[in-house]
Amino acid sequence: MTGIERLHEITTRLRDPQTGCPWDRVQTLETLKPCVLEETYELLAAMDKSDDKENHIEELGDVLLQVMFQSVMAEQEGKFTFDDVANAVSDKLVRRHPHVFANVDAKDEAAVMKNWERIKQLEHRKESRHSALDGVPATLPSLLKARRVMEKAARIGYAEDLPKVAVEGDPGEFLLAVVKSIADMGVDSEAALEKAVKAYADRFRSFEAEKKSE
């Protein structure tokens, strides 16, 4: 029995309606959301200390359990299985790496990312997505969302002249000073950045619409 098979068997037993664990068998997608978030942050912390092999393995396992747990829940409801999840991501990896699995040429990272974004756009047209930004989760913290939005916009060829800021010394300390300065103004930095990211995203979507109409 492989490790995945063993995990599937254990999780299925935990979810058994008659003989399973009273806690595990009553969980729902809604109740699992805090667990997924917490386990993700714990894995991020473990990645910062990757020399601690045992902890890294444990936290990877906890995240894998969340994937298996939801897959077993779906399997019990006749929706999909863990194999469906694994095969779906495998198909996507093959599809988005034609330079490895097909005859597409990509000589550097920039070419890979350009192909990746082009293929994603083709996929998303079938999913009724209208923008390259539609895949950015609305619930992301604003700082991470800002980075993801600008990365995706750049891959499409969007370049906007934002105000230039001279960063001196440690970037983290610079950000800390910016947050303090904004707080001293009586402004919530998270809300302010969220608003700015939304405005940037709106401008990018207008750019996308103009490109499609050409």
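In this predicted model, the residues that line the largest pocket divide into 18 nonpolar, two polar and two charged. The volume of this pocket is about 850 Å³. Its lining is made up of 22 residues, and those closest to the centre of the pocket are Leu143, Met150, Val165, Leu175 and Leu193. Rolling a probe the size of a water molecule over the atoms shows where empty space is left.

Three helices each contribute at least two residues to the lining of the largest pocket: helix 7 (142–155), helix 8 (171–184) and helix 9 (189–213). Helix 9 gives the largest share of this lining, namely eight residues.

The largest nonpolar core was examined next. It contains 13 residues, of which Leu133, Val149, Ala153, Tyr158, Tyr200 and Phe204 touch the most other members. At least two residues of this core come from helix 7, and at least two from helix 9. The largest share, four residues, is again supplied by helix 9. In soluble globular proteins, nonpolar side chains tend to be buried together. For Leu133, the contacts were listed without counting residues up to four places away in sequence; they are Val149, Lys152, Ala201, Phe204 and Arg205.

Charged side chains were then considered. Across the whole structure, nine salt bridges are found. One of the salt bridges joins the side chains of Glu151 and Arg148, with an N to O distance of 2.7 Å. Because Glu151 and Arg148 are three residues apart in helix 7, about one helical turn separates them. Glu151 has a relative accessible area of 26% and is therefore partly exposed. Arg148 also counts as partly exposed, because its relative accessibility is 26%. Glu151 and Arg148 belong, together with Arg147, to a network of salt bridges.

A salt bridge is also formed between the side chains of Lys180 and Asp184, at 3.0 Å from N to O. Lys180 and Asp184 are four residues apart in helix 8, so the separation between them is about one helical turn. Both Lys180 and Asp184 are exposed.

In helix 9, Asp202 and Lys198 lie four residues apart, about one turn of the helix. Asp202 forms a salt bridge with Lys198, and the closest N and O atoms of the pair are 3.1 Å apart. Asp202 has a relative accessibility of 35% and so counts as partly exposed. Lys198, in contrast, has a relative accessible area of 52% and is therefore exposed, since exposed residues are those over 50%.

A further residue of helix 8 is Ala177. Its relative accessibility is 40%, so Ala177 counts as partly exposed. The C-alpha atoms of Ala177 and Leu193 are 15 Å apart in space, and the two residues are 16 residues apart in sequence. Leu193 is among the lining residues closest to the centre of the largest pocket.

Note on methods. Residues are numbered from 1 along each chain as its sequence is written. This is a predicted model: local features need pLDDT of at least 70, side-chain atom pairs count only at pLDDT 80 or more; totals for chains, interfaces and linings use all residues. Side-chain values use heavy atoms; hydrogens and water are left out. On a 1 Å grid over the protein atoms alone, a cavity is a set of points where a 1.4 Å probe fits but cannot get out, and a pocket is an open set with protein on both sides within 12 Å along at least five of seven lines; lining residues have an atom within 4 Å of a point. Grid points are joined across faces, edges and corners, and a volume is the space filled by probe spheres set on the points. Ala, Val, Leu, Ile, Met, Phe, Trp, Tyr, Cys and Pro count as nonpolar, Asp, Glu, Lys and Arg as charged, and the others, Gly among them, as polar. A nonpolar core is a set of buried Ala, Val, Leu, Ile, Met, Phe, Trp, Tyr and Cys residues joined through side-chain atoms within 4.5 Å. Buried means under 20% relative accessible area, exposed over 50%, partly exposed in between (1.4 Å probe, protein chains only). Contact means heavy atoms within 4.5 Å. A salt bridge is a side-chain nitrogen of Lys or Arg within 4 Å of a carboxyl oxygen of Asp or Glu.
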